[in-house]
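Please look through the structure shown here as the paragraphs below move from one chain to its partner.

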Amino acid sequence: MIIGDLDQREFTERLSGVGLCIQFGPFNLRIHSDLPAFSRVAYPLYSPYPQPQPNQLIDFHIQITSPPSMRRWVRRQACFALDGHFPFAPYAVDHAFPALEWGINWCIATRAHHLLMLHAAAVERNGQAILFPASPGDGKSTLCTALIHSGWRLLSDEFGLVRPEDGRLLPLPRVIPLKNQSIEVIRQFRPNAVMGPSFLGTRKGTVAHVQPPVESIRRSQECAQARWLIFPRWIADAPLSLTPIVKSQAFLLVATNAFNYDVLDQTSFRLVTQMVHDCECFTLIYSNLDEAIAALDQLNPTRPHSSKPSSIDSE
Amino acid sequence: MVLLPTAKTLIWQKWDDLYLVYQPSSAETHVFNETSALILASIESGSLPTASVKEWTARSLGLMADDLGSEEFDLAVTRLEELGLLDCGDDKTALE
């Protein structure tokens, strides 16, 4: 069953009643909300996502609701909560949807320590993935959105989730929050991309969410192997440049972009070392999406690679 | 003076001219140049007199012992000591 099997009325009743259960990649969530403004925006964007089986465990019980106190009668606000705790100041009620999405990011980043979490977008084709570790403002989400509307599958826009058992990437194909100028860039690039409303004046400026292609959501349980590590940077009017970088630099860039490198101790070192060893590593400077995609499409997926890094283990 | 290893287990990865060293006892990842890495490697199996470490490090770098600057060597030893990767002691300490 997918969320779209419910109609808008049933969707809203679930949110305000028993809670709406939804599956985002490896995570099952139960969402409560009494806010019509949230329900209206969330329904079309969440429609293609699966509902977990009734016997599956729920990882996060979250809510985006009116303030619990008398404040609800004074100002129309939206409060995010996890397990009944409110970690953030209230948001304007009109920003309930981005507030919930940011809240889900927070839940994952602070709880999912059974996985190595890289701050990276990831896309896949033919079972092999590009990871784009990047800092905010580097154009990661814009490039990722363009790629998934050009034949690549979305694994994730925000979290490169690495499974410790085998180093493979777990998909987390959630809606992609575009910010400010990127919204219009993608509207021009792919006018048929499914995009929610623009939220003006949020804590991150103007935000609009792009729904991933349904195929990416349908395949959200199919892992992939990282094959390329590409560190993107958008620079206005810059000529395209895809430049190999040395492994030691790639290691440092990946490790410093991880959410929980320090939490997982030796496992992090092993996973990042293995990943850097197995991947070709580049920096990408771009200003034109078509040029960037053409360059990434030409990456050769057939080069074999060995399975063990050449580490010196002194144990 | 002798240099004594303090970290029993280190995990190494060499890429390019840099050494990444994971120290399980502190859960830290270090990045070392060749001089620091060689100093650490020289005492992996036990303590050595400082002069021997310097000579071995210089030879491994393709230098004569005198060609490896004392300032560079001492700085690397101090930094490794600060990180808890080695101890500087006298000969008596080494015997203990």
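A residue is called buried if 20 or more other C-beta atoms lie within 10 Å of its own, exposed if 12 or fewer do, and partly exposed in between, with the C-beta atoms placed from the backbone. Helices (H or I, at least four residues) and strands (E, at least two) are DSSP runs, numbered from the N terminus. The model is a predicted one, in which local features need pLDDT of at least 70 and side-chain atom pairs count only at pLDDT 80 or more, whereas totals for chains, interfaces and linings use all residues. Residues are numbered from 1 along each chain as its sequence is written, and chains are lettered from A and ligands numbered from 1 in the order in which they are written.

With these terms in hand, helix α1 of chain A, residues 8–16, can be read: A:Phe11, A:Thr12, A:Arg14 and A:Leu15 are its buried residues. Because they cover an arc of only 160° around the axis, they lie on the same side of α1(A), the arc being that of the directions from the helix axis to the C-beta atoms. The cover over the buried residues of α1(A) includes β1, β2 (27–32) and α2 (36–46) of chain A; here and below, two residues are in contact if their C-beta atoms, placed from the backbone, lie within 7 Å.

Chain A as a whole has 10 helices and 17 strands. The C-alpha trace of chain A spans about 60 × 50 × 35 Å along its principal axes. A compact globule of 315 residues would have a radius of gyration near 20 Å, and chain A, with 20 Å, agrees with that; the radius is taken over C-alpha atoms, and the globule rule is 2.2 Å times the number of residues to the power 0.38. Of the 315 residues of chain A, 44% count as buried. Among the contacts in chain A with a separation of 6 or more, 72% are between residues 24 or more positions apart.

One of the sheets to trace is an open one of 5 strands in chain A, with the order β1-β2-β3-β4-β5 and mixed pairing, where two strands pair if DSSP finds at least two bridges between them. Its edge strands are β1 (20–24) and β5 (91–92) of chain A, each of which pairs on one side only. Strands of a sheet pair through backbone hydrogen bonds, either parallel or antiparallel. Strands β3 (residues 60–65) and β4 (residues 77–82) of chain A run antiparallel and are joined by 4 bridges; A:Gln63 has A:Ala81 as its bridge partner in β4(A), and A:Ile64 has A:Phe80. From β4(A), 2 bridges lead on to β5(A), again in an antiparallel run, and there A:Gln77 has A:Ala92 as its bridge partner.

A:Asn126, by contrast, is found in the loop between β6 (116–125) and β7 (128–133) of chain A, and counts as exposed because it has 10 C-beta neighbours inside 10 Å. Although A:Asn126 is not a glycine, its phi is positive, about 55°.

B:Asp16, which is not a glycine, has a positive phi near 60°, and is found in the loop between β2 (11–15) and β3 (18–23) of chain B. With 10 other C-beta atoms within 10 Å, B:Asp16 is exposed. B:Ile43 is found in the loop between α1 (34–42) and β5 (48–49) of chain B, yet counts as buried, with 21 C-beta neighbours inside 10 Å. The C-alpha atoms of B:Ile43 and B:Pro5 are separated by 5.9 Å, although the two are 38 residues apart along the chain.

The two chains meet where 17 residues of chain A are in contact with 16 residues of chain B. On the side of chain A that touches chain B, the elements giving two or more residues are α8 (247–256), α9 (266–278) and β17 (312–313) of chain A, and the largest share, 5 residues, comes from α8(A). The residues of this side divide into 7 nonpolar, 5 polar and 5 charged, where Ala, Val, Leu, Ile, Met, Phe, Trp, Tyr, Cys and Pro count as nonpolar, Asp, Glu, Lys and Arg as charged, and the others, Gly among them, as polar.
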